[in-house]
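I opened my notebook to go through one protein model.

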Amino acid sequence: MVKRGLFGVPARRTVRTLIALLAASAAVLGLVAFPGAAGAAPGNGASSSHAQGPKPFFTKKVAHKKFGLDGPAADGTTNMTYHGGSVMRDPTVYAIWWNPTTPPTGYPGALFGPNYQNGIENYLNDVSQTPYFNILTQYGDSTGQPVPPTSHFGGSWTDTTTYPHAGTWADPLGDGDIRNSVARAVTANPNWQTDSLSTMYMVFTGKNIIECSSATSCFAATDWSGVADSGNGAFCAYHWWNGSQVYSYQPYSSTGSCYGNQTAYPNGVDQDITITATSHEQFEAYTDPLGDGWYDDVDGHAGENGDKCAYNYGPYEPDGSNIVLHGHPYQIQLEWSNGSPHACVKRYGARPQTSITGDLNFGSVPRGTSATKEIALQNTGNGDLDILDVRLGAGSNAAFSITPSSAKTATLHSGDTQLIDVKVSPPGNSSSTGPLTASLVIDTDDTVPNNTGSPTNAQLTATNTINATASVGLPAVTVSGSLNFGTVPRGSAVSRNVVVQNTGTSDLTVNNVTFSGDSAYSIAPSSPTSGTLAPGGSLVVEVTFAPPQSATTAGPRTGTLTISTDDPASPTVNVPATGLVGLPKVALSPATLDFSTVCPGASVQRELTVTNVGTAPLTITNVSIGAGSTAGLSVAPIPALPLTLPVGGHIAFTVVFAPSGPFGGPVSGTVVVDTDDPVTPETSVPITGSVGQAVITVGSNALDFSGVPTDNRTSPHSRDLPVTISNTGDCTLTLSTLTITGPAAGDYSLVGAPTLPLTISAGSTVTLTVRFNPTASGTRNATLTIGSSDPSHPSVAVSLTGVGLVPAILTQPGSLTFGPTVILSQGPSGYSGQTAPVTVTNTGQAELIVDAMGTSGAPFSAPGPASPPSRFAPSDHFSEPVTFGPTAAGKFLGSLTISDNDPEGGASATVPLCGEGVGRGIRVLAVNAAGTPMPLVSKLQLQAHGTAQNTNINQKNLALTGVPTSCDPNAKMQYENQSLPATNTLNQRSSYYTLSVTAGGKSTTVTFVLGVTEFKTLVVTIK
């Protein structure tokens, strides 16, 4: 078993010589029985390279002046070498605070001091990933990978178990007790990381508790009962591997001789001494946990990296700190570097780069005040930059200070910036301008690399000094402002300001401010006449110049303002004052009031401005219209007179012209203004203009609409004509009435008739639209009368004329007669009688709309009107077929009616109808050669040939008679037969009739055929 990493100690706080004490062997351990030592000595489970038995070793603090302070406890020149074993990687560290609920009997006070645990835990949190911890990266293992510069503080646990021994030299704790505490902690914290080379336990015991890892290797301290080290005090702390766990024992180091000659501690002596021992064991355990890792070949296991730099802190800051970890100050021993620099160092790896901007040249600072300037310290390198201390250098003037908000320590990552504010506060009783000087000292670990040998103190701490300077100013008076008042109206007051300013850099005392001279001047009661002005401060003195109302001369009036101060350069300053007294003067504008053209009944206003162009108030006593002015002129109500205008002031009076007469003419007159202007007490302005009137002009006094159909169903059925009404005057024309009268007034209307009254501005025109829609035929007359405001033509008449157009119907023939027509019952299927056309012509001037058409009296028929009704332009015609279909023999009368039913001017025509119904047969009229009917037919023979019925008729002495059923009243006959059979019309040779008529001794024979629906009138000429 081999004791590894024993942190050697001095016997007391003095410089001592190097003593190397080696334990003999395990047999020696057997000679002295220590509580807890049996089976528990450090080294159980150690690697085979040290299996020959326990070789406890330690290094005590020695006298060595290599660095000007305590030197290394082991060889300080030889590198550590790798012995093929293990290193720890990214460990998690657990702190075990063995703080029994019941302390040893008679133990005085508390086992742990205030903030002790907190201070050490802060270190365990801060140390990882720092330039200091980066020293470990030089030491890898057989994998070729370095020890990572990381560590994790896994947490704390308090072991309240009573110490199994008193912890005195007579009854010390043993290493087994320490391992038992670790076991209790692991049991109590099942969530802790499992035992491995990535887990480390640190056991901390109370003040003056003695623990011995072997008979000759104990904690070097006086125990709590007052018994001093008997010579076996060999360590301040140690680390060990018990076969499964890496752990360290960390006694309350400040109670022993485990620290050097320093007197200041940044975190307190208890914490900082133990933190050094903690870091010592932590570095050694990480690089040599099993005793087969890294150590030198000169001192063996006494040459682990913590031992090689034991008690070597390098240079200290005034507060005792020598290292900053994550911005927090610590006092921790240096650690060994194999690389460059080669020795005990405080950082390793990527270097920082310090960039300082800003200056401390304060210039002039007013006494009794403060000024602050900022220094920016930036890390422009790749590695972290640690600020070790910020302070004012020796000899700095007491007026300078560093603001409390500026941190004294900090860690700046690459690119980070730290701001440091320095303030200077010259005393208020300073009598000299200075200069005041100081220096700002900033210590960092940005040191110059050294590739060979050992670093110097300068390479462990870089000191940056920035000189500061300031001067103290004196008061100085500056007076600005003018008391040149120019011209001030009598009876008024004007004030001017004079500014008294302290343009120096200390307070200025104003002793007195006075005025002497003309009584029209005075200092405002509110103006300060004494006082103290801070640098840059000022006071305003207001001086008033008030010439009396009774002043009769312009002046000038003069005086002097005197200012007394404690400015040694200019104790008295005089400011001259001067001013003039002014007089009033009236001015009128415009030069003429031109009303232009004003219409009767209107009211036009013009403004007359009265201005005081003088230098004293002007009093207006009266404003009126001058005698002889045109009627209708007046001055609008004005404020009560008299009234006073200030200098430069003005007022406008309104002059009104409101003519009442209807006819125009020129306007003349004046406006008179009375004032107290001594030169022109009465002034006037002429008035010009004219009275206008409206003039109506109608574009035409007669509108002829010509012919327009009366039927509103036709298109067009109305006609529009415009009437222009112009106002050729210079006043607005008002149309009051628009009336249409006359015989045909109802046929005329105004389209979109305007709302009356209608105004027409001068020079403008309106157009009215008159519509003619006749309601009857013939000439239609009316009159449009326009009533207006034209005084010369209050009424204008426009004649309206037009013709109402209607259609007319002409029928051809005028009457329609149907000859003998065989009755329907004798005809074949489809026989309807006889049809004849009637031609209907529109002979009127308007479109004919056939609303009704038909026959009356049976058996006549004709087609009815179309739907919609047919339309026929003038001169157009159509044919109407009329059918006569008798059902019995006899004479029948009827009529055909055609009508346009427009109530305002339609048309109608009736065609008389007459028809004779007969049976199938013949009517015989015998005439002589001259065509004269024979009065008597002596013989008549009718013979049918080839007919279905045999007909053979012989008649004698047939007298001439009228035909009562004929539509022709002159019709005559001698014979009639309405019962004859029809002949075969297709073969007339085989079917026909022969008629022989004898009269006057002469005879004539004719042959004829007879159709089924035929009735023939046979005129037989007898020659």
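These entries record what I looked up in this predicted model.

**Entry 1: disulfides**

I began with the cysteines. How many disulfides does the count come to? I got four disulfides.

I looked at C212 and C218 and found them joined by a disulfide, with 1.9 Å from S to S. I then turned to the torsion about their S-S bond. It is about 110 degrees, so I noted this disulfide as right-handed. Are these cysteines buried or exposed? C212 has 1% relative accessibility, so it counts as buried. C218 is also at 1% and counts as buried.

Next I took C599 and C731. A disulfide joins them, and the S to S distance is 1.9 Å. The torsion about their S-S bond is about -105 degrees, so this disulfide is left-handed. I checked where the two ends sit. The pair links distant parts of the chain, 132 residues apart. C599 is in the loop between β35 (593–598) and β36 (604–612). C731 is in the loop between β45 (719–727) and β46 (733–741). C599 has a relative accessible area of 17%, and the cut-off for buried is under 20%, so C599 is buried. C731 is at 3% and counts as buried.

Then I went to C914 and C967. They form a disulfide, and their sulfur atoms are 2.0 Å apart. Here the torsion about the S-S bond is about -95 degrees, so I wrote down left-handed. This pair also links distant parts of the chain, 53 residues apart. C914 belongs to strand β61 (residues 907–918). C967 is in the loop between β65 (961–962) and β66 (972–973). Both cysteines, C914 and C967, are buried.

**Entry 2: aromatic rings**

I moved on to the rings. A pair of aromatic rings is described by the distance of the centres and the angle of the planes. How many aromatic pairs does the structure hold? I found 36.

I picked F112 and Y116 as one of them. Their ring centres are 5.7 Å apart, the planes make 45 degrees, and the pair is tilted. F112 and Y116 are both buried. I then asked which residues join them in a cluster. Ring pairs link W97, F112, Y116, F204 and Y252.

I picked F705 and F772 as well. I noted a tilted pair, 5.7 Å centre to centre, with 45 degrees between the planes. F705 lies in strand β44 (residues 702–709) and F772 in strand β49 (residues 765–772), so the pair ties together parts 67 residues apart in sequence. Both F705 and F772 are buried.

**Entry 3: charges over rings**

I looked for charged ends over rings. The charged end of R184 sits over the ring of W98, 5.1 Å from the ring centre. The charged end of K308 sits over the ring of W336, 4.4 Å from the ring centre.

**Entry 4: a pocket**

Which residues lie nearest its centre? I listed R923, S966, D968, A971 and T1017, out of 15 lining residues. Two elements give two or more residues to this lining, β53 (816–822) and β62 (921–927). The largest share, four residues, comes from β53. I sorted the lining by class and got six nonpolar, five polar and four charged residues.

I kept one general point in mind. Most residues other than glycine have a negative phi, and most peptide bonds are trans.

I found a cis peptide bond between G434 and P435, with omega about 10 degrees. P435 is in the loop between β22 (417–424) and β23 (436–444). I found that the bond from G555 to P556 is cis too, with omega near 10 degrees. P556 is in the loop between β31 (538–545) and β32 (557–565).

I also checked phi. S875 is not a glycine, yet its phi is positive, near 80 degrees. S875 lies in the loop between β58 and β59 (877–884). At 60% relative accessibility, S875 counts as exposed. N957 has a positive phi of about 50 degrees and is not a glycine either. N957 is in strand β64 (residues 952–959). Its relative accessible area is 54%, so N957 is exposed.

How values were computed:
Residues are numbered from 1 along each chain as its sequence is written. This is a predicted model: local features need pLDDT of at least 70, side-chain atom pairs count only at pLDDT 80 or more; totals for chains, interfaces and linings use all residues. Side-chain values use heavy atoms; hydrogens and water are left out. A disulfide is a pair of cysteine sulfur atoms within 2.5 Å. Buried means under 20% relative accessible area, exposed over 50%, partly exposed in between (1.4 Å probe, protein chains only). Rings of Phe, Tyr and Trp (its six-membered ring) pair if their centres lie within 6.5 Å; planes under 30 degrees apart count as stacked, over 60 as edge-to-face and the rest as tilted. A charge sits over a ring if NZ of Lys or CZ of Arg is within 6 Å of the ring centre and within 35 degrees of the ring normal. On a 1 Å grid over the protein atoms alone, a cavity is a set of points where a 1.4 Å probe fits but cannot get out, and a pocket is an open set with protein on both sides within 12 Å along at least five of seven lines; lining residues have an atom within 4 Å of a point. Ala, Val, Leu, Ile, Met, Phe, Trp, Tyr, Cys and Pro count as nonpolar, Asp, Glu, Lys and Arg as charged, and the others, Gly among them, as polar.
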